[in-house]
Amino acid sequence: MPDGELVAVAAVGGRPAPGRRLSPLAAMLWAKGRVARHSLALVRRESRLKVAFVSVSALLLWIGIFVFALLGLRLFETFGAEVLGEGALTVSDLVVARMLSVFALALFVMLVFSNVLVAFATLYRSREVPFLVLAPVTRSSFFLGRFYECVAFSSWASAFLGSPILLAYGLTTRAPLLFYPMLAAFYVPFVVIPAAIGAVVAMALVRYLAGARRGPLVGFGLLALALLFSYFRGKLRSPDLADTATIQAIVDVMGRTQSPYLPSHWLARGVLSAATGEAGDALFYFLLLAANALLLLWLAAQAAEAWFFTGWSALADGGETRRRGRGRGPFGALDVVLRVLPQPTRALMAKDFRLFWRDPAQWAQFVLFFGIMALYVANLGEARSFARHGTWGAWATLLNLAACMLILASLTSRFVYPLVSLEGPRIWMLGLAPVGMRRIVWQKLWLSVGSTSVFTVSLAVLSALRLDLDGTSFGISLVAIVGATVALSGLAVGLGSLYPNFREDNPSRIVSGMGGTLNFILSMVYIVLVTLALAAVLLWNDGLARVLGDRGQAMAAAAAFIVVLTALACWLPMRLGLRNLERVEF
Amino acid sequence: MITTRRLTKRYGAKAAVRELDLEIPRGQFFCFLGPNGAGKTTTIKMLTGLARPTSGTVAIGGHDMAGEPLAAKRLLGFVPDHPFLYDRLTGRELMRFVAGIYRMTEDDLAARCEPLLAAFDVLHAADQLIQDYSHGMRQKLSFASCFLHDPQVVVVDEPWVGLDPKSIHKVKTYLKERTREGLTVFMSTHSLAIAEETADRVGIIHEGRLRHLGTVAEIKALARRPGSLEEVFLELTREAEEALVDA
C-alpha cells in the first residue's frame, strides 16, 4: 500500500494533523478495521466454487426466511377478517405485538449467554491480549477496544436471521419508510446491553473464580441453569393446548414477556411504534435503549478497570500451578475406558478429550448446549396430548426428529468441524509421526460419532418417552438419529479437513469462516432432505403409494433415499478432506 | 532505570522467583542467564507488567509497575521470544497501530517508522501482510515496533530465535549502540557467547534465586579455573544444584 494511502486510511476520525497525538482506542479500532478489510480481500484466495456456494446459500436462506415470515404475517393479517368480516380484530392484532416481545426476549436471553462466552474468549483468551496489556493503555480503553468485537461476534447472526422477519413485518403493516433505518438504530443499543451484561458477568466470574477447581464450578453452573430453567418454566407454562386451545391462553402466556423493565420489551415497543408511524413513542424507546446501553457500557468499563487485570493474572497463574495427577480423576477413568482401543488411536482420543476439557471456552459452550437440550426435553411434556392424536402423532415424531437433528448439527458445526484445524501449528507433530493422515481423520470421525451420539441418542430416547411415541415412531426416530449422527459427523470432519485453518486457535472463529459456514449449510440441507423423506413415509405415504403403486415400495424408496444420502454425506467429504490433508506440506 | 525490591512470584506452593533485588542503571546492557525453568521468563513477565508479583516491587524509570503502570509502560519496550503480531495487518500498518497505542504524534510516527523498518531490514516487506512473513522477518518487525515509541528500557526475551547470523549481528550492534545513547537493555538469553560479547553486567538466576551478579569479568573470576562464560555458567549452576541437593 502506498504511503499516501496509509496516512489517508489511518486518519482515525479525520485528516491526520502532524502534531496530533494518536489515541490508543482509535488505533485499536482502526487496526481491526484493517484486519477486517484484509480478511475480506483474502476471500479471493478461497475456492470460487466454495465462495459462490456459500454466498448463494446464505442469500437463499435469507430469502426463504423473508418469504416464510411474509406469508405467515399476511395469514395473521387476514385470518380474523375472513371469519368475522372487515374491521374485526385479526390474529395479527392480538398476537403479533406479543410475538415480537417473545422473539426479542428469547434473543436477549440468548445474547446474554453467548456474550459471557464471547467476552471470555475475547478479553482473556485472545492471543493479542498480552500484547495490549503490555502497552500503556488504560484497562477501560483496552476493554472498549475489545468490546466492539464481542458485540460483532455475538450479534451478526441475529442481525442476519432477524432482518428478513422485521422487513416482512414492515411490508405487511405498510410501515413508513422511516421504519427501516429505525430498525438498525434500535438494534445497535439493543445488542450492546446484553454484550455489556455478558462482559461484566465474564469478568466477575474470572475475577472471583479463576483458579478454583473445575468440578464444583461445572456443578454450580448446571445447578444455576436448572434453577433458571425452573423459574422461567413456571413463569411461562402454558395450559394443555390440546384441551383448551384458545387464543386467549396463548395471548396470556406471551403477555408475560412484556415487562416494562425488559430491554426486549423496549425493542418490541419501539419497533411497533416505528411501524405504526408513532415517531414520538419510537424515539422514546430508542432513547431508553440507548441510555441504558451507554450506562451499562460505562459500568462494564468500570468493572474492567477494577477486575480485568487481577482476573487475567489469576487465570494465568492458575494455569501454571495446577498439578494434574497421572492416572487419577476422570481422565484416569477415561484412560481405562480407552484401553480397548489400539494405539495410536487411543493416544489421539485421550489428547482430544483432555484438550477439550482444559479449554473453558469449549466446555462452557457445551454446558450451554446441554442446558438447551434439557430445556427442550422438559418442555416436550406440554405437547404429549398432541402426539396422541393420529396425524398429529406423525407430525410430533417428525418435528421432534428435526429438532434433534438441528441440535446435532449445532454440535457438529461448533465442536466437530474445528477439530482438525485446532491441531494448528502442532499439525507437524502428527504429520511427522508414523500414523498417517487417514488414521487421524478417521479417529476424529469416530470421536465425533462416539461422543455426540451419547447426547443425540439420549435426546431421541428421552424426547420419545416424553412424547409417548408408539414403537414404530420410536424406532424410526432412533434409526434416523443414528444415521444423522454418522452423516453430520462425517460432513463436519470431512469439510474440516478439506478447509482447515491452522492459523487460528479460537474454535468460534474457525467455525465462522467460509468452510464452517459451508458445513452448517450442508448440514441444514441434509436435515431438510431427510425430514422430507421421513414426511413422505409418515405423513404422505398414501400419496407416495399412489405414485409408486405400492405402500411397501414407497417406504422402501424413502428408506433407500435416506441410506444413500447418509452414506454420501459421510463418505464424500471424508474422502475429499483426506485427500486434501494428505497433500498438506509442513 | 530498572529496580526490583524483594520481587517474589509464587505459583501455589512453588516459588518461581524469590526475593529478587536488582538495580540496573541507565545505559546498561544487562544479561539475565539461567537454566530452563530458573525463573527468567517469570521475572520478565513481572518487569513488563504481564504478571502481578506475589510480593515485592518493580519500578521502571522510578515508576512503580503496580502503582503507576501506564507511566512505567510508556518507558518500556518488549521483544518476546515468540512475538504476537496481527497476521492480517501489513508491517507498516502494525507500526501505525503501535504508534496509536503509545499515543505518539503523527510527526513522530512519520519520522521514526521508515528508518526503523529499514534498520531492521523489513522495509522491503512493509506493505505485505504479516502472515506472509518468515519467523525471522516477524522477529525483526517485532524489534522495529518495539523501538517505535523510543523506549528508555527494552526487555528482550531470547531474541535470536529465527534470526540469521547477519540479522543477529545487526540487532546486537543496534542494541549496543543504543545503550551508549542511554538505553537500558535487559536481555534474557541462552546464548552465552552473545552475553559475553555484549553484556555490561550479568545476573545468573537458578531455582528462582539470583545466585550471582556482576560484570562478565567478575562472574568469570568466581570460577575455580578460568574459562569462557559458558564454562563458568555451567560450573556455577552445577554448584548451585549440588548445594540444593545437600540442603
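Two residues count as in contact if their C-beta atoms, placed from the backbone, lie within 7 Å. Keep that in mind for these exercises on a predicted model.

**Exercise 1.** Work out how helix α13 of chain A packs against helix α18 of chain A.

*Solution.* Start with the geometry: α13(A), residues 345-357, and α18(A), residues 437-467, pack at an angle of about 55°, and their axes are 10 Å apart. That angle is why α13(A) counts as oblique to α18(A). As for handedness, the two helices cross in the right-handed sense. Next, pick out the residues: A:Thr345, A:Leu348, A:Met349 and A:Asp352 come from α13(A), and they meet A:Arg439, A:Ile440, A:Gln443 and A:Leu447 of α18(A). Sort this contact by class and you get four nonpolar, two polar and two charged residues.

**Exercise 2.** Describe the side of chain B that touches chain A.

*Solution.* Count first: chain B puts in 33 residues and chain A 37. On the chain B side, the elements giving two or more residues are α2 (69-74), α3 (91-101) and α4 (106-119). Of these, α3(B) gives the most, with seven residues. By class, this side has 14 nonpolar, seven polar and twelve charged residues.

**Exercise 3.** Find the strands that pair with β8 of chain B, and decide whether its faces are covered or open.

*Solution.* Take the partners one by one. β3(B), residues 29-33, pairs with β8(B) in the parallel sense over four bridges, with B:Phe29 bridged to B:Val185. β7(B), residues 153-157, is also parallel to β8(B), over five bridges, and there B:Asp157 stands opposite B:Ser188.

Technical notes:
Residues numbered from 1 in each chain as written. Chains lettered and ligands numbered in written order. Predicted model: local features only at pLDDT ≥ 70, side-chain atom pairs only at ≥ 80, totals over all residues. Axes fitted to C-alpha atoms, helices over the stretch in contact; angles between N-to-C directions. Parallel < 35°, antiparallel > 145°, perpendicular 65-115°, else oblique. Left-handed = near helix turned anticlockwise from the far one by under 90°. Nonpolar A, V, L, I, M, F, W, Y, C, P; charged D, E, K, R; others polar. Buried ≥ 20, exposed ≤ 12 C-beta atoms within 10 Å, placed from the backbone. Pairing = 2+ DSSP bridges.
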